[in-house]
Amino acid sequence: MVVDTQQKDGVLPNRMGGGPHGLGDPDDKQLRKVEKEILVPKIMRERAKETHCAEVVKAFETCCKANNVLMVVNCRAENDALKTCLGRWYKDASFINECTDIYLKERTEYRTSGLTKKQRAKIAAESNGQ
């Protein structure tokens, strides 16, 4: 039995089209390959650097600024500490799930409203400013 996953007037599977703005089903929780391998890890990197490894990132940045060209040689210890800290969080299953949930929430909001995160922030800033 063949299941037709194509929309009648498009080439995308039904789960990737439709929704209130034609951007996909807001309640869909399946991740595409690019989301799993690129978009969720991007959130993981940002959150790990900002929240869990902030002191190590700051130490590495300070070392790099102080050593300019020689940073490759002089900042090895700070670089190793940063890699260790980030690596620990990249392997943490609960952290991966947390970042995946953040991504899915952002994607749901986009599919529901039709506005990107930046566009929603701009609208919120404009409404607070008036």
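This report walks through the helices, disulfides, salt bridges, aromatic pair and surface patch of the structure above.

## Ground rules

The model is predicted, so local features need pLDDT of at least 70 and side-chain atom pairs count only at pLDDT 80 or more, while totals for chains, interfaces and linings use all residues. Residues are numbered from 1 along each chain as its sequence is written, and side-chain values use heavy atoms, with hydrogens and water left out.

## Overall build

Let's start with the fold. The chain has six helices and zero strands, giving the pattern α-α-α-α-α-α along the sequence. Helices (H or I, at least four residues) and strands (E, at least two) are DSSP runs, numbered from the N terminus.

Of the 130 residues in the chain, 21% are buried. Here, buried means under 20% relative accessible area, exposed means over 50%, and partly exposed lies in between (1.4 Å probe, protein chains only). The chain has an accessible surface of about 9,500 Å², and carbon and sulfur atoms account for 56% of that. Areas come from the Shrake-Rupley method with a 1.4 Å probe; for residues, only the protein chains shown count as cover. Turning to contacts (heavy atoms within 4.5 Å), among those between residues at least 6 apart in sequence, 56% join residues at least 24 apart.

## Disulfides and other cysteines

Two disulfides turn up in a search of the whole structure, a disulfide being a pair of cysteine sulfur atoms within 2.5 Å. One of them joins Cys-53 to Cys-85, with an S to S distance of 1.9 Å. Cys-53 sits in the loop between α1 (33–52) and α2 (54–67), and Cys-85 in helix α4 (residues 76–90), so this link ties together parts that are 32 residues apart in sequence. The torsion about the S-S bond of Cys-53 and Cys-85 is about -95°, which makes the disulfide left-handed. Both Cys-53 and Cys-85 are buried.

Cys-63 and Cys-75 are also bonded, with their sulfur atoms 1.9 Å apart. Since Cys-63 belongs to helix α2 and Cys-75 to the loop between α3 (71–74) and α4, the pair ties together parts that are twelve residues apart in sequence. The link of Cys-63 and Cys-75 is left-handed, with -100° about the S-S bond. Cys-63 is buried at a relative accessible area of 9%, and Cys-75 is buried at 2%. With the bonded cysteines of the chain numbered in sequence order, the pairing reads 1-4, 2-3. What about Cys-64? Its sulfur is 4.5 Å from the closest cysteine sulfur, in Cys-75, which is too far for a bond. Cys-64 is buried, with a relative accessible area of 14%, and Cys-99 is buried at 0%.

## Salt bridges

Side chains of opposite charge can pair when their charged atoms come close. The whole structure contains six salt bridges, each a side-chain nitrogen of Lys or Arg within 4 Å of a carboxyl oxygen of Asp or Glu. One of them pairs Asp-28 with Arg-111, the closest N and O atoms being 3.9 Å apart. Because Asp-28 lies in the segment before α1 and Arg-111 in helix α5 (residues 93–113), this bridge ties together parts that are 83 residues apart in sequence. Asp-28 and Arg-111 are both buried.

Arg-107 bridges to Glu-35, with 3.1 Å between the closest N and O atoms; Arg-107 is in helix α5 and Glu-35 in helix α1, 72 residues apart. Arg-107 is buried at 7% relative accessible area, and Glu-35 is buried at 1%. Arg-47 and Glu-98 form a salt bridge too (2.3 Å, N to O), linking helix α1 to helix α5 across 51 residues. Arg-47 is partly exposed at 25% relative accessibility, as is Glu-98 at 32%. Shared partners join Arg-32, Glu-35 and Arg-107 into one network of salt bridges.

## Aromatic pair

The structure holds one aromatic pair. Rings of Phe, Tyr and Trp (its six-membered ring) pair if their centres lie within 6.5 Å; planes under 30 degrees apart count as stacked, over 60 as edge-to-face and the rest as tilted. Both Trp-89 and Phe-95 are buried.

## Nonpolar surface patch

Val-34, Ile-38 and Leu-39 make up a nonpolar patch on the surface, with about 220 Å² of accessible area together. Patches are made of residues with over 30% relative accessible area and no salt bridge, with like charges joined within 9 Å and nonpolar side chains (Val, Leu, Ile, Met, Phe, Trp, Tyr) within 5 Å. Ile-38 lies in helix α1 and is partly exposed at 49% relative accessibility.
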